[in-house]
Amino acid sequence: MREILFRGKRVDNGKWVQGFYVCKKRPYFKDKGADLEHIIYDNVEVEDNDYKQFVDTIMTTYVVDPETIGQYTGLTDMNGRKIFEGDIVWDNYDEDYGKVEWDNDTARFIITCSTSTVNSDNTCGEELEIVGNIYDNPEVMEKIEEDYE
């Protein structure tokens, strides 16, 4: 079974966090658009080594920028890094850069390269290497889009 995981960029310091995604309504805001809070929950399980059982789960929450939220694809790249929606990857097989995104028409993740679109089900993570993401590396995305036209 595929691990369900999300990542997002924290609004307080701009660092990336991974965990479970929740969009919750904040009743104390009356403004339109400001009434939702996008949160990533990161679970840390604390184990009691004497009894080999989980004693507690510490829940840490981070408010994240909703524009940066992306889901884990279930793939890892050639270096063992998890590939998320919004990542920019280098495809060693096709020798091309691609953007990882969700396709609503086929209900799956795809990798849009400058020359083609690859279904993530038909690619091997060992052929891919994460080179950045569309939020931190917009210059790479511009290059991909130029080549695509």
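Trainee: Where does Asp103 lie?
Mentor: Asp103 is in strand 8, residues 96-103. This is a predicted model: local features need pLDDT of at least 70, side-chain atom pairs count only at pLDDT 80 or more, and totals for chains, interfaces and linings use all residues. Residues are numbered from 1 along each chain as its sequence is written, and side-chain values use heavy atoms, with hydrogens and water left out.

Trainee: Is Asp103 buried or exposed?
Mentor: Buried, meaning under 20% relative accessible area with a 1.4 Å probe, protein chains only.

Trainee: Which side chain does the side chain of Asp103 make a polar contact with?
Mentor: That of Thr106, at 2.8 Å.

Trainee: What cut-off applies there?
Mentor: A pair of N or O atoms within 3.5 Å; within protein, one must be able to donate a hydrogen and the other to accept it, and residues adjacent in sequence count only if both atoms are side-chain atoms.

Trainee: Switching to Arg2, where is that found?
Mentor: In the segment before strand 1 (6-9). Arg2 counts as partly exposed because its relative accessibility is 37%, and partly exposed runs between the buried limit and 50%.

Trainee: What does Arg2 touch?
Mentor: Leaving out residues up to four places away in sequence, Arg2 touches Gln71, Tyr72, Thr73, Gly74 and Phe109, with contact meaning heavy atoms within 4.5 Å.

Technical notes:
Helix = DSSP H or I, 4+ residues; strand = E, 2+ residues; numbered from the N terminus. Lys, Arg positive; Asp, Glu negative; His and termini not counted. Salt bridge = Lys/Arg side-chain N within 4 Å of Asp/Glu carboxyl O.
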